[in-house]
Amino acid sequence: MIGYGFMGRAHSNAYKQVGQFFPSQHEVLLKAACARNEAEVKKFAAQWGYESTETDWRKLVARPDIDVIDICTPNNMHKEIALAAAAHKKAILCEKPLAMNTAEGREMVAAVEAAGVPNMVWYNYRRIPAVTLAKKLIDEGRLGRIFHYRAKFLQDWTIKADLPQGGQGLWRLDVAAAGSGVSGDLLAHCIDTSLWLNGRLDSVCAMTETFVKERLHNLTGKVEKVGIDDACTFMGRYANGSLANFESTRYARGHKAAYTFEINGENMSLFWDLHDLHRLQVFDYKDEGKIRGWKSVHVTDNSPDHPYMANWWVPGLAIGYDASFTHQVADFIQGLETGTPAAPTFRDALETQAVLDAVLESARSEKWVTVAKD
């Protein structure tokens, strides 16, 4: 594990849980945690049960006793670590977004594919059972022709002009470390889910805004220009002819993590809300007219009908956000055992990266942009 922040905790919890709820031929051993701050990484390792610590990630990826590298660093370090890990023939799990841009992402894809190492990107929302059930309904053709896909991800934690940028905890506000703002941090999740559910995005037209233009930089001690986007909205067109509408901001007072999506088809519509994550809202036009309406499906049944739930509790008892990471580790391990890689691989995540690049280019040029295809 390289990094020990919020995602380091989320991933570590998943590694400790997976063998209890999704037993397999593999046992997950927490061999080493790595970060530059020796005192803090030792505290993290002791809390989560890692056997050892490192302060140099280059030493970590070269260790012969380690099979898998988990990259939980700021975005600007993803490429360098992934290339080194691939060269050492390590399997790689990488936080999202894959890279700073599509060009970096292509290098990472080439490296892991040339090395033949298992790889995956942590787009965990795919693995919330209600979202996975939505995928199942779409793949069964129940929605018919799809007309609209809309998503939003709203937060409010940066509505402070005196909030600094850069450094631990605030690197997401520093363009040199993050590459982008809400587009890469929040919309990346929305985009990945939409590509998985609704297919390729062909073109986009976007608008971004940076509400606070300058902030004190923690690393330089100087007031510097803010280069990330505080808010981003875009519309687009999918390859299947449906229309896209996305919004993300860190300036929506009252929202901490308001992620929702809705899909409208000719026969059925689906709606999901992270704040009610164990429910999928379904409108089925084929229902008898006098009882036709939106229904709330409680996705907790321990049968094959409700993804992942057979490994948890009895019907009616919900699981939470943390379980999506456990599901991701379980699927990654299953991919090792079956030889069928679990998605999203680096190549899958490269498609999301291409959409992100197109969104930012559209916002800069104030024009429609075609999404690059690899």
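Helices (H or I, at least four residues) and strands (E, at least two) are DSSP runs, numbered from the N terminus. This is a predicted model: local features need pLDDT of at least 70, side-chain atom pairs count only at pLDDT 80 or more, and totals for chains, interfaces and linings use all residues. Residues are numbered from 1 along each chain as its sequence is written, and side-chain values use heavy atoms, without hydrogens and water.

**View 1. The largest pocket has a volume of about 1,300 Å³.** A pocket is an open set of points on a 1 Å grid over the protein atoms alone, where a 1.4 Å probe fits, with protein on both sides within 12 Å along at least five of seven lines. Its volume is the space filled by probe spheres set on the points, which are joined across faces, edges and corners.

**View 2. The lining of the largest pocket holds 50 residues.** Lining residues have an atom within 4 Å of a point. C72, T73, P74, W171 and R172 lie nearest the centre. Two or more residues each come from α1 (6-21), α7 (175-178) and α8 (182-198). α8 gives the most, with four. The lining divides into 24 nonpolar, 19 polar and seven charged residues. Here Ala, Val, Leu, Ile, Met, Phe, Trp, Tyr, Cys and Pro count as nonpolar, Asp, Glu, Lys and Arg as charged, and the others, Gly among them, as polar.

**View 3. The second largest pocket holds about 530 Å³ of space.** Its lining has 24 residues, with E27, V28, L29, D67 and V68 nearest the centre. β3 (68-71), β4 (91-94) and α9 (321-338) each supply at least two. α9 gives the most, with four. The lining splits into 18 nonpolar, one polar and five charged residues.
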